Every structure is written in structure tokens, then in C-alpha cells.
Amino acid sequence: MPLDTLNVDPEVFFRVERSGQPLVVYECKLEGVPCGMFMEGTTGAVSAHLRGHGITGPGSISTNCPWVGCSKTLKRGGMTRHILTHLGVKLRCSMCGVVKCRLDLLRAHIRSSDSCRLACVDTVHGPEGRFLVPTGWTAAHQV
């Protein structure tokens, strides 16, 4: 079975190769600018990708979401979080399993719950996430 080729930023590729661990990436679906790139589903990676498309400026300016099929108007400062909802990326409390769509909401849950105070944040990957695997990696490498 042939493997798909994923177009990612070289820094992401080298990080995966160095770590020897797979990474989940998502296809950019910004309307009118099909770049063909895949990006990580993290706030920093999505924000950098949006800057690469020229989506910058004051966070208080209202703008339309550039994602294919979305017509929502929002503040530019909330665009990264909004794009993460399109990717389906969520966060889970490692102690109780509660799932939130934003890190600030999950951290508030962890702070307010005595039984979850020692919890870690687990990422729940979106349904369209694709694995970027290091060269020579097999399922036997999984821990």
C-alpha cells in the first residue's frame, strides 16, 4: 500500500525525524489560498500558518473566517482558536476525562477540581488529523 506524502514545513519534518515520534498534522483549508500544506493542531502552529497567509493585524478587528465553508465573523485575535475548532482539536483532563475545546477552560477545570489538581492535559486529535511519521518508523515503535 503506497504511503501518502504530506507537505509540511521543513522544521516540523526535522523535529519529527529528530524525535523519532509521529506527529498529527491537519490540511490547510483556507479559502482562496490552497497552499497544500499540513500544519500541527497547536495554537502556535496554527497562528504561524495564518501569519504565513498574511492573516495578521490587530486582534480587535472583525473579520470573516477564511476556512472553506465557514461564514462566521469574529475578532482576528480569536482566529487561531476558531481554526482549531475546524480541525476538531480538543483537550482532555488526564484524571477525570472531561474534554474542553480550549486550554484556558481545561486549566480552569483542573484548578477548580480537588481530584484533578495533579492532572495533565491530553490532546484529543481531530478526525481529519493525519500522522506524520519519521522515516523508518513502524507500529512496533509505539510505546
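Modeller: Let us begin with helix H4, whose buried residues pack against strand E5 (90–93), strand E6 (99–100) and strand E7. Packing is judged by contact, that is, heavy atoms within 4.5 Å. Helices (H or I, at least four residues) and strands (E, at least two) are DSSP runs, numbered from the N terminus. The model is a predicted one, in which local features need pLDDT of at least 70 and side-chain atom pairs count only at pLDDT 80 or more, whereas totals for chains, interfaces and linings use all residues. Residues are numbered from 1 along each chain as its sequence is written, and side-chain values use heavy atoms, with hydrogens and water left out.

Biologist: Which residues of helix H4 are buried?

Modeller: In helix H4 (residues 103–112), they are Leu-106, His-109 and Ile-110. Buried means under 20% relative accessible area, exposed over 50%, and partly exposed in between (1.4 Å probe, protein chains only).

Biologist: Why are the buried residues of H4 said to line one face of the helix?

Modeller: Viewed down the axis of H4, they fall within an arc of 95 degrees, so they line one face. The arc is that of the directions from the helix axis to the C-beta atoms. Arg-111 and Ser-112 are exposed on the other side of H4.

Biologist: What is the order of the open sheet, and what is the sense of its pairing?

Modeller: Its three strands run in the order E6-E5-E7, with antiparallel pairing. Because E6 and E7 each have a single partner strand, they stand at the edges, and one side of each is left without a neighbour in the sheet. H4 packs on this sheet, touching E5, E6 and E7, and its direction makes about 10 degrees with that of E5. For that angle, axes are lines fitted to C-alpha atoms, for helices over the stretch in contact, and angles run from 0 to 180 degrees between N-to-C directions.

Biologist: Let us turn to charged side chains. What makes the meeting of Glu-128 and Lys-29 a salt bridge?

Modeller: A salt bridge is a side-chain nitrogen of Lys or Arg within 4 Å of a carboxyl oxygen of Asp or Glu. The N to O distance between Glu-128 and Lys-29 is 2.6 Å, so the pair qualifies. This pair links distant parts of the chain, 99 residues apart: Glu-128 is in the loop between strand E7 (121–124) and strand E8 (130–132), and Lys-29 in the loop between strand E1 (23–27) and strand E2 (38–40). In general, side chains of opposite charge can pair when their charged atoms come close.

Biologist: Why does Glu-40 count as buried?

Modeller: Glu-40, in strand E2, has a relative accessibility of 11% and therefore counts as buried. A polar contact of 2.4 Å joins its side chain to that of Arg-15. Such a contact is a pair of N or O atoms within 3.5 Å; within protein, one must be able to donate a hydrogen and the other to accept it, and residues adjacent in sequence count only if both atoms are side-chain atoms.

Biologist: Why does His-82 count as buried?

Modeller: The value for His-82 is 12%, hence the label buried. His-82 lies in helix H3, and, neighbours within four places in sequence aside, it is in contact with Cys-65, Cys-70, Lys-72 and Leu-74.

Methods
Pairing = 2+ DSSP bridges.
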